Amino acid sequence: MEVLLAFLRIGYVLVFFGACFIIFKFEWGSEGKDERGRTIANKSYGIIFPLLPFGWFVLFLYDDYISPIPYETYKLLIWFLITGLMIIHAINLTVLRKSH
């Protein structure tokens, strides 16, 4: 079981770095600088941005009203929230690029 969890962690980190590559390639490339690229980026940000405060709010509510979350677990959950949103942002950019 420990080996499976180690592979899942490594896989998640690799997916995260792949998402960062997609985001940075789009933002810093010529495609992200033209009008079409700005429209795609704005649509993707419009989907992702509201999820950050909502996720943080859910964690806050869970911590205050359901069960206290230890500090180390809280840090891990925030890390998953931010990296997960970056992965979703990269997926959004890829899908919107192909549909526009």
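Predicted model: local features only at pLDDT ≥ 70, side-chain atom pairs only at ≥ 80, totals over all residues.
1. A41 is buried, with a relative accessible area of 0%; here, buried means under 20% relative accessible area, exposed means over 50%, and partly exposed lies in between, with a 1.4 Å probe and protein chains only. The place of A41 is in helix α2. When neighbours within four places in sequence are left aside, A41 is in contact with F26, E27 and L93, where contact means heavy atoms within 4.5 Å. The C-alpha atoms of A41 and I87 are 14 Å apart, and the two residues are separated by 46 residues along the chain.

2. Residues are numbered from 1 along each chain as its sequence is written, and side-chain values use heavy atoms, with hydrogens and water left out.

3. Helices (DSSP H or I, at least four residues) and strands (E, at least two) are DSSP runs numbered from the N terminus. Read from that end, the order of elements is α-α-α-α. The radius of gyration of the chain is 16 Å, well over the 13 Å that the globule rule gives for 100 residues, so the chain is more spread out than a compact globule. This radius is taken over C-alpha atoms, and the globule rule is 2.2 Å times the number of residues to the power 0.38. Along the principal axes, the C-alpha atoms fill a box of roughly 45 × 35 × 20 Å.

4. The largest nonpolar core has 11 residues in all: F16, A19, C20, I23, F26, I40, A41, I87, A90, L93 and L96. Such a core is a set of buried Ala, Val, Leu, Ile, Met, Phe, Trp, Tyr and Cys residues joined through side-chain atoms within 4.5 Å. Helices α1 (2–28), α2 (35–48) and α4 (71–99) each supply at least two residues of this core. Its largest share, 5 residues, comes from α1.

5. N92 lies in helix α4 and counts as buried at 16% relative accessibility. Apart from neighbours within four places in sequence, N92 is in contact with S44, I47 and I48. N92 and Y45 are 47 residues apart along the chain, and 8.9 Å separates their C-alpha atoms. Y71 is also found in helix α4, but counts as exposed at 59% relative accessibility. Y71 and F7 are 64 residues apart in sequence and 25 Å apart in space, C-alpha to C-alpha.

6. Some totals for the chain complete the picture. Of its 100 residues, 27% count as buried. Among contacts between residues at least 6 apart in sequence, 72% join residues at least 24 apart. The accessible surface comes to about 7200 Å², of which 74% belongs to carbon and sulfur atoms; this area comes from the Shrake-Rupley method with a 1.4 Å probe.
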